[in-house]
Amino acid sequence: MVIVAVLAMTLRPLMTSTGPLIEEIRLGTGISLQVASLLTVLPMACMGVFPLLMPWLGKRLSESAWITTGLIAIAIASMWRLWLGSGMSLMVSTLLGGSGIAIVQSLAPGVVKRWYPSQVALAMGIYSASLMAGGGLAATLSPQIAEHFGHWQLALGCWVVIPVIALLLWWFRPIERIERENSTAQVNFFGNRRAWLLGGYFGLANGGYACMIAWLPSYARTLGFSSEHSGELIGWMTIFQIIGALAVPIFASANLDRRPWLRAAVGSQLIGFVGLLLLPSPLLMLWVAMIGCGLGACFSLTLTVALDHLSSPKLAGTLTAFVQGIGFIITAIIPYLAGVLLEWTGDFQTSWLMLIITLIAMLIVTHRFAPSGYAQAINAQAIHLPDMNK
């Protein structure tokens with residue numbers, strides 16, 4: 001579980017460290033607001049494309065080799081940021097690191113399902129909480145590091161330490177005996193409506209997170225917060241993300257029907273974004289806390305619901321890779337749209353309204369995830385197994 005936790009912690013600092021320093025980065029590189037949104041959009045786009053390619057790419061290298069490659073890419077991208085001085089090099093490092101994040105993230109749920117088959121909800125909760133903790137730590141400390149050393153590049157690049165530790169842990173992990181399970185099976189989820197529904201749901205669930213890490217610090221600065229305090233807001237949100245990611249799966253593990261907890265998670269975000277829209281300044285900390293709690297629970301539960309659809313760890317891992325692929329393509333679009341709306345309107349209210357609409361849509365769709373319908377929804381047209389008599 002320590003290995004799972006540290007792997008997860010590598011997956012967000014590359015993105016969350018930039019938000020609180022966006023003004024310093026723009027001054028240092030001359031990039032516009034729309035280009036700045038690519039610091040979040042590019043990794044999210046990678047998270048969408050790579051998982052969809054992994055069923056084919058996975059034939060080239062083993063799971064271990066791919067995870068190692070992903071961690072090395074994250075480490076190189078982080079180290080590169082220590083010396084970059086232009087917007088182009090910043091974007092290329094973002095694309096490289098985003099590719100590494102996408103590879104590790106697409107394979108990690110399958111590893112969790114294989115290592116903890118009878119405790120998927122709890123294990124995914126710890127994975128999700130660690131992922132969010134890494135992001136919150138980077139968002140909180142990066143502006144403090146930049147202010148202390150007077151060097152925003154150092155604040156972005158110092159996070160190389162986490163993927164290096166993760167690499168060491170992954171290389172020296174205990175040897176496991178993996179059963180040869182459907183190794184020649186051909187899996188195609190592109191024709192399955194439930195897989196697409198799960199992917200769309202996951203994408204909307206993460207859209208709020210992408211917007212918050214991309215634009216919450218800038219929004220807070222319009223309300224009079226300093227760069228340091230605006231970064232601390234991401235840390236504040238992360239505390240409640242971790243609470244939601246850990247606590248809700250514990251309660252949800254008692255029953256295979258995760259829908260009541262999904263509704264609670266989406267509802268918590270909905271209240272938070274309505275608060276940002278209507279009454280932001282006096283109760284900003286409360287709204288951010290509610291959004292964080294809902295985001296943490298929703299991320300963990302959505303992946304858990306996807307894993308619940310199939311008992312086979314290999315096939316369940318492939319399904320979650322597909323869900324993340326489709327989901328993160330949708331997620332990548334949302335903060336970019338928020339940036340466009342911000343430039344058009346000059347305020348953040350239309351962005352919050354956009355997210356409120358997506359959350360209402362998620363509440364409507366949640367009733368579809370009844371456990372009794374999992375087998376019928378996912379098996380026949382999605383999974384094509386080879387003829388075992390051949």
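**Figure 1. Pro55 in helix α4 of the predicted model.** With a relative accessible area of 33%, Pro55 is partly exposed, because that label covers values between under 20%, which is buried, and over 50%, which is exposed. The residue belongs to helix α4, which comprises residues 33–57. Although Pro55 and Phe322 are 267 residues apart along the chain, their C-alpha atoms are separated by 9.2 Å. The structure shown here and in the following views is a predicted model.

**Figure 2. The protein as a whole.** The protein contains 16 helices and two strands. Its C-alpha trace spans about 65 × 40 × 35 Å along the principal axes. A compact globule of 390 residues would have a radius of gyration near 21 Å, and the 20 Å of the protein agrees with this. Of the 390 residues, 57% are buried. Among contacts with a separation of 6 or more, 84% are accounted for by residues 24 or more positions apart. The accessible surface amounts to about 15500 Å², and carbon and sulfur atoms contribute 68% of that surface. The side chains include 19 positive and 14 negative ones, and the centres of these two sets are 13 Å apart.

**Figure 3. Gly87 in helix α6.** Gly87 is located in helix α6, which covers residues 87–115. Its relative accessible area is 12%, so Gly87 counts as buried. Leaving aside residues up to four places away in sequence, Gly87 touches Thr29 and Ile31. Cys293 is 206 residues from Gly87 in sequence, and the two C-alpha atoms are 34 Å apart in space.

Figure 4. The loop between α11 and α12 holds Arg258. This arginine counts as buried because its relative accessibility is 6%. Apart from residues up to four places away in sequence, Arg258 touches Ala121, Ala252, Ser253, Leu301, Thr304, Val305 and Asp308. One of these contacts, Thr304, is 46 residues from Arg258 along the chain, with a C-alpha separation of 8.7 Å.

Figure 5. The buried residues of α12 include Arg259, Leu262, Ala265, Val266, Gly267 and Ser268. Further along the helix, Gln269, Leu270, Gly272, Phe273, Gly275 and Leu276 are also buried. The helices against which the buried residues of α12 pack are α10, α13 and α15.

**Figure 6. Gly224 in the loop between α10 and α11.** Gly224 lies in the loop that joins α10 to α11, the latter comprising residues 227–252. Its relative accessibility of 62% means that Gly224 counts as exposed. Ser281 is 57 residues away from Gly224 along the chain, and their C-alpha atoms are separated by 9.6 Å.

**Figure 7. Helix α15 and the helices that cover it.** Helix α15 consists of 17 residues, 349–365. From first to last C-alpha it reaches 25 Å, close to the 24 Å expected at 1.5 Å a residue. Buried positions in α15 are Ser351, Trp352, Met354, Leu355, Ile356, Thr358, Leu359 and Met362. The cover over these buried residues includes α10 (193–222) and α12 (259–278). It also includes α13 (284–308) and α14 (313–345).

How values were computed: Residues are numbered from 1 along each chain as its sequence is written. This is a predicted model: local features need pLDDT of at least 70, side-chain atom pairs count only at pLDDT 80 or more; totals for chains, interfaces and linings use all residues. Side-chain values use heavy atoms; hydrogens and water are left out. Helices (H or I, at least four residues) and strands (E, at least two) are DSSP runs, numbered from the N terminus. The radius of gyration is taken over C-alpha atoms; the globule rule is 2.2 Å times the number of residues to the power 0.38. Buried means under 20% relative accessible area, exposed over 50%, partly exposed in between (1.4 Å probe, protein chains only). Contact means heavy atoms within 4.5 Å. Accessible areas come from the Shrake-Rupley method with a 1.4 Å probe; for residues, only the protein chains shown count as cover. Lys and Arg count as positive and Asp and Glu as negative; His and the chain ends are not counted. The place of a charge is taken as NZ of Lys, CZ of Arg, CG of Asp or CD of Glu. The expected span of a helix is 1.5 Å times one less than its number of residues.
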